Amino acid sequence: MERTSPFPSRRGILAGAVLTAVPAALLHSTRAAARPQAVDHPGAAWQPASRGNYTPSNRPRAHPLHYVIIHVAQTTYSGTLNVFRNQERKVSAHYVVRSCDGRVAQCVRESDIAWHAGNWDYNTRSIGIEHEGWVDRPGYFTDVMYERSARLTAAICERYDIPRNRAHIIGHHEVPGSDHTDPGRHWDWKRYLRLVKSA
């Protein structure tokens, strides 16, 4: 066993000097690059749902993805995030899109199963996107919300080879057994699909 000197060696002093000369920003960027990204969609803000509101999985290996399901939250953006953080609510979606500026929050990783469709089979095979607003208040469906949501849906379809059509991009009300009406009659499906296809 080697004896350790109580004083730093010359090599140790030089190594320390080199480290102090490296800019802090460079060290930070190296550490940041080494960490896995917290979001699946570039530009989304990570706003995690409670661990009690979704099922960890390994999709698409565990369950192939076939659908993007469009929801309207019946509350505000912040209200939706608060619902997903509340473990007693037993609900979540992968993403939430804000009305005023199209800001996208990711609440559940795409590899995990969000509890959004009210149908386990559809939950396992879909990505859920909530939109701030109410089904009977079309003013919440802003241009920027449609555009950012459509880009998000297009990127999801690209990642998982989901066709960009109405058979695979569906409303919550179209899920078998659903008693919901969202996204409602004011949601402009023709416009939305056109934006998804051109994204």
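Tutor: A residue is called buried under 20% relative accessible area, exposed over 50% and partly exposed in between, with a 1.4 Å probe and protein chains only. The model is predicted: local features need pLDDT of at least 70 and side-chain atom pairs count only at pLDDT 80 or more, whereas totals for chains, interfaces and linings use all residues. Residues are numbered from 1 along each chain as its sequence is written, and side-chain values use heavy atoms, with hydrogens and water left out.

Student: In what order do the elements of the chain run from the N terminus on?
Tutor: Helices (H or I, at least four residues) and strands (E, at least two) are DSSP runs, numbered from the N terminus. The chain has six helices and eight strands. Their order is α-α-β-β-β-α-β-β-β-α-β-α-β-α.

Student: What percentage of the residues in the chain is buried?
Tutor: The chain has 199 residues. The buried share of these residues is 42%.

Student: What part of the accessible surface of the chain belongs to carbon and sulfur atoms?
Tutor: Accessible areas come from the Shrake-Rupley method with a 1.4 Å probe, and for residues only the protein chains shown count as cover. The surface of the chain totals about 11200 Å². The share of carbon and sulfur atoms is 53%.

Student: Among contacts with a separation of 6 or more, what percentage is between residues 24 or more positions apart?
Tutor: A contact requires heavy atoms within 4.5 Å. Of the contacts in the chain with a separation of 6 or more, the share from residues 24 or more positions apart is 74%.

Student: Which residue joins P60 in a cis peptide bond?
Tutor: P60 is placed in the loop between strand 2 (54–55) and strand 3 (67–72). Omega of this cis bond is about 5 degrees. The partner of P60 is R59.

Student: What is omega for the cis peptide bond from D182 to P183?
Tutor: P183 belongs to the loop between strand 8 (169–171) and helix 6 (189–198). For the cis bond from D182 to P183, omega is near 10 degrees.

Student: Is D161, a residue with positive phi, buried or exposed?
Tutor: D161 is not a glycine, although its phi is about 55 degrees. Its place is in the loop between helix 5 (143–160) and strand 8. With a relative accessible area of 69%, D161 is exposed.

Student: What is the relative accessible area of K90?
Tutor: K90 also has a positive phi, about 55 degrees, and is not a glycine. It sits in the loop between helix 3 (77–85) and strand 4 (95–97). K90 is partly exposed, at 47%.

Student: Which residue meets R125 in a salt bridge?
Tutor: A salt bridge needs a side-chain nitrogen of Lys or Arg within 4 Å of a carboxyl oxygen of Asp or Glu. R125 lies in the loop between helix 4 (120–124) and strand 7 (126–131) and is buried, at 19% relative accessibility. Beyond neighbours within four places in sequence, its contacts include R59 and Y67. In the salt bridge, at 2.7 Å from N to O, its partner is D121.

Student: How many residues apart in sequence are the parts tied together by D143 and R191?
Tutor: D143, partly exposed at 46%, forms a salt bridge with R191, with the closest N and O atoms 2.5 Å apart. Because D143 lies in helix 5 and R191 in helix 6, the separation of the parts that they tie together is 48 residues.

Student: How many disulfides does the count give?
Tutor: A disulfide is a pair of cysteine sulfur atoms within 2.5 Å. C100 is exposed, at 62%, whereas C107 is buried, at 1%. The number of disulfides is zero.

Student: What angle lies between the planes of Y67 and Y122?
Tutor: Rings of Phe, Tyr and Trp (its six-membered ring) pair if their centres lie within 6.5 Å; planes under 30 degrees apart are stacked, over 60 edge-to-face, and the rest tilted. The structure has nine aromatic pairs. Y67 and Y122 are stacked, at 4.9 Å centre to centre, and both are buried. The angle between their planes is 20 degrees.

Student: Which residue lies over the face of Y122?
Tutor: A charge sits over a ring if NZ of Lys or CZ of Arg is within 6 Å of the ring centre and within 35 degrees of the ring normal. Over Y77, at 4.8 Å from the ring centre, lies R98. Over Y122, at 5.4 Å from the ring centre, lies R125.
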